[in-house]
Amino acid sequence: MERRRVTRRAVTSIVAIVALALFLLIASEPVDGAIHLLKDEEFAATTSKGTWFVFFGASWCPHCQHLTPLWEKLTDKLGPELKKNDFHIAKVECTENDGLCKRHNVKSYPTLILFAEGQRIDTHEGSKTFEELKSYAQSHVKKAPSVPLLSTVAKRLAAAHSSAHPKSSVPPNPNGRVVSLTQATFDTSLGLSESEGDDEVSSGPWFVEFFAPWCGHCQKLAPIWDEVADKLRGKVGVGKVDCTVEKTLASRFKIRGYPTLIFLERGLPVEYNGPRTRDALVEFAESGTRPAILPIDQKKLEEATSKDEVVFLLAFDPEKIADEALYPYLYSASALRSTNRFFASGDPSILPSHAVSSSDHSQGVVFVLRDNGATIIRFNGDIADASALPEWINQHRKPVLPLIDQSNANEVLAGQDGKLGAVLLDDLRRPNRAEVEKEVREAARAYASAQSAHDGKREVNWGVLDAISWAKYVERQFGVKKGDLPKFVIVDAELDQFYDSDANGKLIDLKSGAIEEAVRKAAAGELPGRSTENFFVRPLKRVGRALNRAALWLNGKWPYIFAALLVPFAYVFYLLWKEHGALTEAEEAGARKPVQNKGD
């Protein structure tokens, strides 16, 4: 009996302890009682007035759980003061509003976005301490006069985009499958020309694979490409072009190898050179669906140029400019948004060093900010010119000295299109590397300027390679170790050679003049080269490239080659047949001739 009482007490104690633990656990969970929670159905109407600082999160996310009490504190401490300036703090629970979060391109948690008059105008990317969040909110309240201007710019761009891109009755990639494109259907399917009754025609961008059925890499990509199409359902059209059949399309897009993957919007192509995994391909394509042009103020422009070597900016008066004048800039931004950043401002003083007159402001003026904002170039033509402005943007969109990564390594290091690769090998954490990069940029500009004057000069792709992250590759290919950095090399992939010395046999001096001269002489074949491969691999690679070039040359020419080979075979066969006929006749004649006796 006593034992039963002890057992009951033990069970009761355990139950009490568990209940207490559950109570404390629940009590310790962050609650959103003081936070204004926004739902999908009310979001647009609620945020259409005033300024809203919105926390997009998920209940399961540890970082969101940590941020929630800080968000409550921000609401409690600043809420009443901020509301006087029509500034509000809110939260969206993405597990319950998945569609809303996807529409605002929320890919990680927590994401903090600033809206003004219903338009997204900024994303908070700083630290998420209380003091930082407080400072951010107060700074945007203080800048209240600029927020409506950003909102006006955003609305103006949205209106122009809607009129420039009328929605199709068919959404992009409605079935989540790969569409086979031909010369007859390509332009209509991509919305580049009008068609009637074609259920494949859709609005929005396309991601197209140019392939050959015999290509092993294309065969390997095929199931991945099907998965990409499924993932991009309703977002991006996914197509494929058989270049052995559609030779005109292959020529139009200058296809020189298989598979070639090109992202297109309104026919403007951007080639993809990154990893051919499903996730990497989907991420690249989805980056082409984000807003093409973002409104920006002077502070954010400085932040953008500190991150990107090349940035485009449109300065205009949103109240005066016509939609049609914005179309060329919109078209270029839509096509190139996966690789470049485009901004717009209604503030004529956004570039203090380049005054924008009232006339310029009303008509619109476009700038490219290069070298992280150090170089500003103005487009001097009419921004409404549908050919001149996109051509100018395309000319200036690539950095002079891009950082080499997986997306452009083949282009710079593997010599696509027969170009040389001019590469600065350096430790990106080295304090004074900016000085050397400046010298290389000047050399690149000098070479490009001389090249434009002499069209026969060999083209060069320039870049800087993080020799620490790529240490094994750098040592294997060029024999360069950390103690040798920085070092400049010129890569000729066609010859499996590289050049790291000048005409006198000395290492290339890291001065612009010496670099430009070395590249010029390497292009002319006047420098002694060093092999990038060993004795056994080099001939095999050359044979492989020769066979690949032969296969590309023979592509689509088989009927003519067969006919050319058939003619001499037919002629030889005819001669043999004729000879055989003559021999047969002779044999028959001999058989009919009477046999004479020797005595006759």
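At what angle do helix α8 and helix α10 pack, and how far apart are their axes? The legends below start with that pair and then visit other parts of this predicted model.

**Figure 1. Helices α8 and α10 pack against each other at an angle of about 45 degrees.**
Welcome to the first close-up! Helix α8 covers residues 216-231, helix α10 covers residues 278-287, and their axes lie 9 Å apart. The angle makes α8 oblique to α10. In passing α10, α8 makes a right-handed crossing. To find the contact, look on α8 for L221, I224, W225, E227, V228 and K231, which meet R278, L281 and V282 of α10. Sorted by class, this contact has six nonpolar residues, three charged ones and no polar ones. If you wonder what to look for in such a view, two packed helices are described by the angle between their axes and the distance between the axes.

**Figure 2. Helices α12 and α14 cross at roughly 35 degrees.**
Helix α12 runs over residues 323-336 and helix α14 over residues 388-396, and their axes come within 8 Å. The crossing of α12 and α14 is right-handed. Which residues make the contact? On α12 they are P328, Y329, S332 and L336, and on α14 they are L389, P390 and I393. By class, the contact of α12 with α14 has six nonpolar residues, one polar residue and no charged residues.

**Figure 3. H104 sits in the loop between α4 and β4.**
This loop lies between α4 (98-103) and β4 (111-116). Is H104 buried or exposed? H104 counts as buried, because its relative accessibility is 17%, and the cut-off for buried is under 20%. Leaving out neighbours within four places in sequence, H104 is in contact with F43, F56, I113, F115 and R120. The loop between α4 and β4 also holds P110. The peptide bond from Y109 to P110 is cis, with omega near -10 degrees.

**Figure 4. A cis peptide bond joins Y258 and P259.**
Omega for this bond is about -15 degrees. P259 has its place in the loop between α9 (247-252) and β9 (260-265).

**Figure 5. I377 belongs to strand β15.**
Strand β15 is made of residues 375-378. With a relative accessible area of 27%, I377 is partly exposed. I377 and F367 are 10 residues apart in sequence, and their C-alpha atoms are 5.6 Å apart in space. Which residues does I377 touch, not counting those up to four places away in sequence? They are V366, F367, V368, R370, W392 and H396.

**Figure 6. A522 is a buried residue of helix α18.**
Helix α18 spans residues 512-523. A522 counts as buried because its relative accessibility is 2%. Although A522 and D492 are 30 residues apart along the chain, their C-alpha atoms are separated by 8.6 Å. Setting aside neighbours within four places in sequence, A522 is in contact with L420, I490, Y499 and L527.

**Figure 7. N173 and D496 have positive phi values.**
Most residues other than glycine have a negative phi, and most peptide bonds are trans. What is phi of N173 near? Phi of N173 is near 50 degrees. N173 is found in the loop between α6 (146-164) and β6 (179-180). N173 is buried, with a relative accessible area of 6%. For D496, which is not a glycine, phi is about 55 degrees. The loop holding D496 lies between β18 (487-492) and β19 (497-499). D496 counts as buried too, at 3% relative accessibility.

Finally, let us step back from the close-ups. The chain has 600 residues, and buried residues make up 42% of them. Among contacts with a separation of 6 or more, 74% are between residues 24 or more positions apart. The chain exposes about 33000 Å², with carbon and sulfur atoms supplying 55% of that area.

Methods: Residues are numbered from 1 along each chain as its sequence is written. This is a predicted model: local features need pLDDT of at least 70, side-chain atom pairs count only at pLDDT 80 or more; totals for chains, interfaces and linings use all residues. Side-chain values use heavy atoms; hydrogens and water are left out. Axes are lines fitted to C-alpha atoms, for helices over the stretch in contact, and angles run from 0 to 180 degrees between N-to-C directions. Helices (H or I, at least four residues) and strands (E, at least two) are DSSP runs, numbered from the N terminus. Angles under 35 degrees count as roughly parallel, over 145 as roughly antiparallel, 65 to 115 as roughly perpendicular and the rest as oblique. A crossing is left-handed if the near helix is turned anticlockwise from the far one by less than a right angle, and right-handed if clockwise. Contact means heavy atoms within 4.5 Å. Ala, Val, Leu, Ile, Met, Phe, Trp, Tyr, Cys and Pro count as nonpolar, Asp, Glu, Lys and Arg as charged, and the others, Gly among them, as polar. Buried means under 20% relative accessible area, exposed over 50%, partly exposed in between (1.4 Å probe, protein chains only). Accessible areas come from the Shrake-Rupley method with a 1.4 Å probe; for residues, only the protein chains shown count as cover.
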